[in-house]
Amino acid sequence: MSDNEQPLTTSERAWQHIAAERFDQAEPLVRECISTADPSDHSLLWHLFGWLASVLNSLSRHDEAEAMLRTSLVEARAIGPDAKEIGVARYLLANQLLRFGDPA
């Protein structure tokens, strides 16, 4: 690394693994992003839990992905009652259930 280069962030490293379809290596990095996030930053957390769900789906771990999408929805609702993220989180969870779970 040259003097002008910055080390990659955890998030950037995770995206590199995702781009290379190394989802098993991306998962712990996304989990690290979640564990180091400010617990009151619901805008960030709803996104991170959705991101983790995507990685888990890529690993065919659909039940775990559903749980992360449910957590993502909880975080989206914590942003506030009018948060646009709520609709997105609900859509993602509904799509998950239609594709991999019980559509009821």
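This is a predicted model: local features need pLDDT of at least 70, side-chain atom pairs count only at pLDDT 80 or more; totals for chains, interfaces and linings use all residues.
Reader: Why is Thr10 called buried?

Author: Thr10, which lies in helix 1 (residues 10-19), has a relative accessible area of 18%, and buried means under 20%, so Thr10 is classed as buried.

Reader: Which residues are in contact with Thr10, leaving aside its neighbours within four places in sequence?

Author: With those neighbours set aside, Thr10 is in contact with Leu29, Glu32 and Cys33, and the word contact is used because heavy atoms come within 4.5 Å.

Reader: What makes Leu48 and Trp51 stand out in the largest nonpolar core?

Author: That core has 28 residues, and among them Leu48 and Trp51 touch the most other members. Two or more residues are given to this core by each of helix 1, helix 2 (23-36), helix 3 (42-58), helix 4 (62-79) and helix 5 (84-100), while the largest share, 9 residues, comes from helix 3.

Reader: Which residues does Trp51 touch, not counting those up to four places away in sequence?

Author: On that count, Trp51 touches Ser11, Ala14, Trp15, Ile18, Val30 and Cys33.

Reader: Why does Val88 count as partly exposed?

Author: Val88, a residue of helix 5, has a relative accessibility of 40%; buried means under 20% and exposed means over 50%, so Val88, with its value in between, counts as partly exposed.

Reader: What makes up the nonpolar surface patch of about 280 Å²?

Author: The patch is made by Val88, Tyr91 and Leu92.

Definitions and conventions
Residues are numbered from 1 along each chain as its sequence is written. Side-chain values use heavy atoms; hydrogens and water are left out. Helices (H or I, at least four residues) and strands (E, at least two) are DSSP runs, numbered from the N terminus. Buried means under 20% relative accessible area, exposed over 50%, partly exposed in between (1.4 Å probe, protein chains only). A nonpolar core is a set of buried Ala, Val, Leu, Ile, Met, Phe, Trp, Tyr and Cys residues joined through side-chain atoms within 4.5 Å. Patches are made of residues with over 30% relative accessible area and no salt bridge: like charges are joined within 9 Å, nonpolar side chains (Val, Leu, Ile, Met, Phe, Trp, Tyr) within 5 Å. Accessible areas come from the Shrake-Rupley method with a 1.4 Å probe; for residues, only the protein chains shown count as cover. A salt bridge is a side-chain nitrogen of Lys or Arg within 4 Å of a carboxyl oxygen of Asp or Glu.
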